[in-house]
Amino acid sequence: MPHHQDSRDLPYSARQMYDLVADIESYPQFLPWNSAARIRTRRETPEGAEEVAADLVISFKVFRERFGSRVLLWPEDEDGLLRIDTEYLDGPFKYMRSGWTFRDRPEGGCHVDFFVDFEFRNAILQRLIGVVFTEAMRRIVRAFEERARTLYS
């Protein structure tokens with residue numbers, strides 16, 4: 001099961017980075033292999049999060065798959081932490097979970113933590129992604145950083 005975790009200190013505010021990651025509809029503009037994004041529904045939860053059901057289309061060579069996710073956008077808590085949690089709804093995975101946290105740093109900028117954990121239903125796809133997974137995750141993290149530079153510098 002591919003799993004990736006990353007932490008970064010970035011020169012942008014936690015709110016800026018949270019807003020960038022929460023802007024799912026813009027993913028096809030900057031994320032590698034993301035050819036389409038669509039919001040199915042958007043609602044407030046009783047716990048105070050915004051729940052978004054979204055579809056993403058991932059295209060890589062001959063591979064093209066749509067998958068649905070439930071995204072919970074958590075507003076800033078009393079400790080100044082912003083959080084985005086994602087879980088799988090439907091598509092080619094057995095399961096998929098990811099999460100982001102964003103916290104402003106006293107010296108400026110913010111600290112970002114990210115993780116993703118998933119498994120494809122199809123063993124061939126699972127083996128294929130295993131070969132390129134680490135590099136793919138690096139490219140995706142870099143794409144978010146480059147998007148932040150474009151939007152906020």
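**Close-up views of a predicted model**

**View 1. Lining of the largest cavity.** Strand β1 makes the greatest contribution to the lining of the largest cavity, supplying four residues (helices are DSSP runs of H or I of at least four residues and strands runs of E of at least two, numbered from the N terminus). The model is a predicted one, in which local features need pLDDT of at least 70 and side-chain atom pairs pLDDT 80 or more, whereas totals for chains, interfaces and linings use all residues. Residues are numbered from 1 along each chain as its sequence is written, and side-chain values use heavy atoms, with hydrogens and water left out. The count of cavities of 30 Å³ or more comes to one, and the largest cavity holds about 100 Å³ of space (points on a 1 Å grid where a 1.4 Å probe fits but cannot get out, lining residues having an atom within 4 Å of a point). Its lining consists of Asp6, Ser7, Arg8, Leu10, Met17, Trp100, Val112, Asp113, Phe114, Val141, Phe144 and Glu145. At least two lining residues come from each of β1, β7 and α3. Sorted by class, the lining of this cavity comprises seven nonpolar residues, one polar residue and four charged residues (Asp, Glu, Lys and Arg are charged; Ala, Val, Leu, Ile, Met, Phe, Trp, Tyr, Cys and Pro nonpolar; the others polar).

**View 2. The largest pocket.** Of the 38 residues that line the largest pocket, Ile58, Phe67, Phe93, Met137 and Ile140 are the ones that lie nearest its centre. Two or more lining residues of this pocket are given by each of α1 (14-22), β3 (50-60), β4, β5, β6 (93-104), β7 (110-120) and α3 (123-152). Helix α3 gives the most to the lining of the largest pocket, namely nine residues. The lining of the largest pocket divides into 32 nonpolar, four polar and two charged residues.

View 3. Seven strands are arranged as an open sheet with antiparallel pairing, in the order β1-β7-β6-β5-β4-β3-β2 (two strands pair if DSSP finds at least two bridges between them). Strands β1 (3-10) and β2 (34-44) stand at the edges of the sheet and have a single partner strand each, so one side of β1 and one side of β2 are left without a neighbour in the sheet.

View 4. Strands β3 and β4 run antiparallel and are joined by eleven bridges, and Asp55 has Gly68 of β4 as its bridge partner. Two residues lie between the strands in the hairpin of β3 and β4, where Lys61 takes a positive phi near 55°. Strand β4 (residues 63-74) also pairs with strand β5 (residues 81-90), in the antiparallel sense and over seven bridges, and Leu72 has Asp85 of β5 as its bridge partner. The hairpin of β4 and β5 has six residues between the strands, and in this hairpin Gly80 takes a positive phi near 80°.

**View 5. The ring pair of Tyr12 and Tyr152.** The structure holds 13 aromatic pairs (rings of Phe, Tyr and Trp, the latter by its six-membered ring, with centres within 6.5 Å; stacked under 30 degrees between planes, edge-to-face over 60, the rest tilted). One of these is the tilted pair of Tyr12 and Tyr152, at 5.9 Å centre to centre and with 50° between the planes. This pair links distant parts of the chain, with Tyr12 in the loop between β1 and α1 and Tyr152 in helix α3, 140 residues apart. Tyr12 is buried, at a relative accessible area of 8%, whereas Tyr152 is partly exposed, at 26% (buried is under 20%, exposed over 50%, partly exposed in between, with a 1.4 Å probe and protein chains only).

View 6. Tyr27 and Phe30 form an edge-to-face aromatic pair, at 5.9 Å centre to centre and with 80° between the planes. The two residues are separated by about one helical turn, because Tyr27 and Phe30 are three residues apart in helix α2 (residues 27-30). Tyr27 is buried, with a relative accessible area of 10%, and Phe30 is buried as well, with a relative accessible area of 16%. Ring pairs connect Tyr27 and Phe30 with Tyr18, Trp100, Phe102, Phe114 and Phe144 in a cluster. Trp100, Phe114 and Phe144, shown here in the cluster, are also among the residues that line the largest cavity.

How values were computed. On a 1 Å grid over the protein atoms alone, a cavity is a set of points where a 1.4 Å probe fits but cannot get out, and a pocket is an open set with protein on both sides within 12 Å along at least five of seven lines; lining residues have an atom within 4 Å of a point. Grid points are joined across faces, edges and corners, and a volume is the space filled by probe spheres set on the points.
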